[in-house]
Amino acid sequence: MFKLATKAIEIADKHGADFGDIRVVEDRGQYLAVKNGETAGLTDETTLGYGVRVLYKGAWGFASGSEMTGRAVAATALKAIAIAKASRLLMRGRVRLAPEPAYQDFWQTPFLKDPFAVPVQAKLDLMFRLDAVLRRDRRIRVSAVSLRFNREHQWHLTTEGSRIEQVLLSSGAGMTATAVQDGESQLRSYPCSHGGQMHGGGWEVVEAMDLPAHADRVRDEAVALLKAPRCPSGVKDLIISGNQLALQIHESVGHASELDRVLGYEESYAGSSFATTEKLGKFRYGSPIVNLVADATLPGGLATAGYDDDAVKAQRWHIVKDGVLAGYMTNREFCGRIGRDRSWGSCRADGYANIPITRICNLSLMPGSSSTEELVSGIKDGVLMENNVSWSIDQKRLNFQFGCEAGWEIKNGRKGRLLKNPTYQGITPEFWGSCDAIAGPQEWRPWGVANCGKGQPGQVAMMTHGSSPARFRKVRIGVHG
Amino acid sequence: MRKIEHICERILGLAGGVPCEVTAEEREAALTRFADNVISQNVASSSLNVSVRLLDAGRSAKVNLNQADDATLKAALASAREILKRQKKDPHQPALPGPRRLPPAAGLYDADTAGLTPAFRAAKAAELARACRRTGQTAYGTVDNGWSRVTIANSRGVFAQHRESFVTHSVTVRDRDGFGWAEQPARAVGEIDFAGLNERARAKAAAGRAPREVKPGRYTVVLEPAAAAGLVSYLGVYGFGGQLYNEGRSFASGALGKRVLSPLLTIEDNALDGPSAGMPFDFEGQPRSRVTLVENGVLKAVVHDRKTAKKAGAASTGHALPQPNYMGPIPLNLAVKPGQGTLEDLIKGTERGLLVTQFHYTNLLRPLTVEMTGMTRNGTFMIEDGRIAYPVKNLRFTQSMVEAFAGLEAVAAEKALVMEWGALSCPAVRLAGLNFSSSTKF
């Protein structure tokens, strides 16, 4: 592949480009779904193509193609240069990239069992078995079990001399039961909602979830939610657990700290950010116990790799340190705007056909020293909420509202009855400022987000947010229409 | 690159007598993105995606690929047959359909639009950015264009092909703390009013400066077409899909024939002609029907594919998505029947309320009542005594859309095309009440 890719580098060099690179990407994916006792998806996917990026006289051009011939690669590189020339019609100054050493390297996600080597029938057997357990109650109208595996093989060449080969592997699974009765519909899932849990690794990721041990509980809780009282409205204390806290991190810290959107480059679509650059190192984002760390080296992280798509080596850095805004997600183009001479390395592209853009890295809330039991015992009147159902946040990442699968009432330090339709709403810095306790490392779990959308044309990326349950004081809960 | 017809023939041949369906999408797309009054991203992509589905006596396998050389095709088919062989039978799996007479396409391809150059797109971005610079405003947005062609063929003789071009000019303008937005998608570039869109967004941004805070609560709302479409699309997808209907998870379940929405509301799904026309067949190569979903507030029908139709004891309306599909069939070519008057007339008829340009980050809370939440964005204004009084800071709504559209008070005559899940033609509307549950700081 490197031999074919060299054509693009030759064209970029020949035309005097400031910078050029080509990423050849082979994606292999497998998706299986069983729903209501039927096969609802069994898809095997392989795509191969390349994207060429050229910085010509300070302006960007990008083109992609999938015809795997030297002539087609050369034509795509020329197209990228023509596009860069058009970009020069409307520019202020030359784009300059922060320097980075050239690397020649191979990196691969560690794994134990190749998920693509596990027979399809073994996967389907597991799924049908789980599906049958989920449907052992006539009120379950929809049962769903899914498995998902991805392997991305990249060959990345730059005009600066980097020659990087990477193989990124991820595996995931999930199950959901939806109960319907008397105009009410309620769902529960395991390990989490939105297609389930996903980690970097192989079939061992699915085995570690121990799905059969949770199917009965998922079904029974979905049914129990039908008759559960509605989450009350008011200002109460809140404990967040499961993948809900991961999504809270994702939406209110992850996207808010993408430097491209902070600088306004996403204004036309996803929006901008309240966490503007003059706040760096000064702004109180949360209480002093809040530490949020971006980490491209996190074991099992979905954004874990040896290098990002700017050919920058993987790093670990604080976004929020002791409650104060401490960093951003950066690429090589924009990091100079905050005075950095090196990118933190969080620039990635979706497949071969898209240009690399600034992305959320793995971003985790560091554990505290408490436990869920202690968090509960410190609440007089509150709710514990688990697993996300819906999410929405304004375009500066301030006003958010989340809906969860299930809530549990907390009265006088004790976890009580199940509550349906739990929701909460807040303003980002006030909310993180109200965090007064975080459970310890023993309860810390990584949660994969496999469907993060951004950019125009739209791109999807994956990343992981680790967290243990955390307590927030005086939050507005029970927002209903 | 080999012609797509030959690729389909080759795949059907390689299937070796196993029932086989091929879906191929060719796509050439380019997009110029601008921000802070400069071009920030300028991209083009060229792709062919081929999906091969084998279906044999209740067993199924699907492979997706983007290389069409013989070695890749042979390997893909071998892999699919292997998956098929080891699978148990699924008695609910419908066999492949045979060919049916397809309605003619609505003529949605324009060669000039498909071939717009990077220089054209850059020039359009520059026109706006230069105007903004002169007035201290900042431009953000995109100009994109391209074409796509979908081909569906199967071993029972289905062969359907549809090609369309697309172009969109999307403009966001910032004027200090005021924001404005305008957008127009079209099939042909001649339909796009570039200057008009630029002016609308710039004027709205200027009018939106120094927004005031208003208290959350229930307000009468005048929704511009994009804002209205953002809500109607949820009603369409979560109310009128055959699968959700069968599962009892739609507000239409058990309510067909009943008046559930305002008598002023009529919605149809029509891919065949009209403002939201599109591909005249579904992803199994079956003809799409024109379906009236809501007539004067009465729920009339939901859309089906062959599988959901069988379960419901109804006929397929030709709305299959690529199979197998978790969502089931959904309406992708919605059109809300226009009413009378203009957006200005809706404002004039409002004693006190809010004018909403656009909603942002909408999401579903409860499917059964289509309870949703989302933020206003890029131009929200207080209306007092039939006139726009002042700009307001953005608000979050939380409400059932069934309830909100039961209170539909007025529908304007002018409609706009909006791309949501699919094409959606929608006029501006006025709702008697929308529950705003909180506010934000800008």
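## Notebook: buried and exposed places in a predicted model

I began with Ala153(B), which counts as buried because its relative accessibility is 2%, and buried here means under 20%. I note at the outset that this is a predicted model, so I keep to what can be computed from its atoms.

**Entry on Ala153(B).** I located Ala153(B) in strand 4 of chain B. Setting aside neighbours within four places in sequence, I listed its contacts as Cys8(B), Leu12(B), Cys20(B), Glu21(B), Val22(B), Val158(B) and Phe159(B). I also looked up Ile11(B), which lies 142 residues from Ala153(B) in sequence, with 9.9 Å between the two C-alpha atoms.

**Entry on helix 2 of chain B.** I next turned to helix 2 of chain B, residues 70-85, whose 16 residues reach 22 Å from the first C-alpha to the last, close to the 22 Å expected at 1.5 Å a residue. Which residues of helix 2 of chain B are buried? I found Leu73(B), Ala76(B), Leu77(B), Ala80(B), Ile83(B) and Leu84(B). Seen down the axis of helix 2 of chain B, these buried residues fall within an arc of 120 degrees, and so they line one face of the helix. On the face turned away from that buried side I noted the exposed residues Ala71(B) and Lys85(B). I then asked what the buried residues of helix 2 of chain B pack against. In chain A the partners are strand 2 (38-56) and helix 3 (120-134), while in chain B they are helix 1 (4-14), strand 2 (38-56) and strand 3 (59-65).

**Entry on helix 5 of chain B.** I recorded that helix 5 of chain B has 14 residues and reaches 20 Å between its first and last C-alpha, close to the 20 Å expected at 1.5 Å a residue. Its buried residues are Phe194(B), Leu197(B), Asn198(B), Ala201(B), Arg202(B), Lys204(B) and Ala205(B). They cover an arc of only 165 degrees around the axis, which puts them on the same side of helix 5 of chain B. I saw that these buried residues pack against helix 4, strand 4 (138-154), strand 5 (159-175), strand 6 (178-186), strand 12 (352-366) and strand 13 (371-384) of chain B.

**Entry on the crossing of helices 4 and 5 of chain B.** From helix 4 of chain B, Phe120(B), Lys124(B), Leu128(B), Ala131(B) and Cys132(B) meet Phe194(B), Asn198(B) and Arg202(B) of helix 5 of chain B. I sorted the residues of this contact into five nonpolar, one polar and two charged.

**Entry on Glu221(A).** In chain A I looked up Glu221(A), whose place is in helix 5 (residues 215-227) of that chain. Glu221(A) is buried, with a relative accessible area of 17%. Not counting residues up to four places away in sequence, Glu221(A) touches Arg188(A), Trp408(A) and Leu418(A).

**Entry on Gln340(B).** Is Gln340(B) buried or exposed? I found that Gln340(B) counts as exposed at 72% relative accessibility, and that it sits in the loop between strand 11 (333-336) and helix 9 (343-348) of chain B. Apart from neighbours within four places in sequence, Gln340(B) is in contact with Val411(B), Ala412(B) and Ala413(B). I noted too that Ala410(B), 70 residues from Gln340(B) in sequence, is 8.1 Å from it in space, C-alpha to C-alpha.

Technical notes
Residues numbered from 1 in each chain as written. Chains lettered and ligands numbered in written order. Predicted model: local features only at pLDDT ≥ 70, side-chain atom pairs only at ≥ 80, totals over all residues. Heavy atoms only, no water. Contact = heavy atoms within 4.5 Å. Helix = DSSP H or I, 4+ residues; strand = E, 2+ residues; numbered from the N terminus. Nonpolar A, V, L, I, M, F, W, Y, C, P; charged D, E, K, R; others polar. Expected span 1.5 Å × (residues − 1). Buried < 20%, exposed > 50% of the residue type's maximum accessible area, 1.4 Å probe, protein only. Arc of directions from axis to C-beta.
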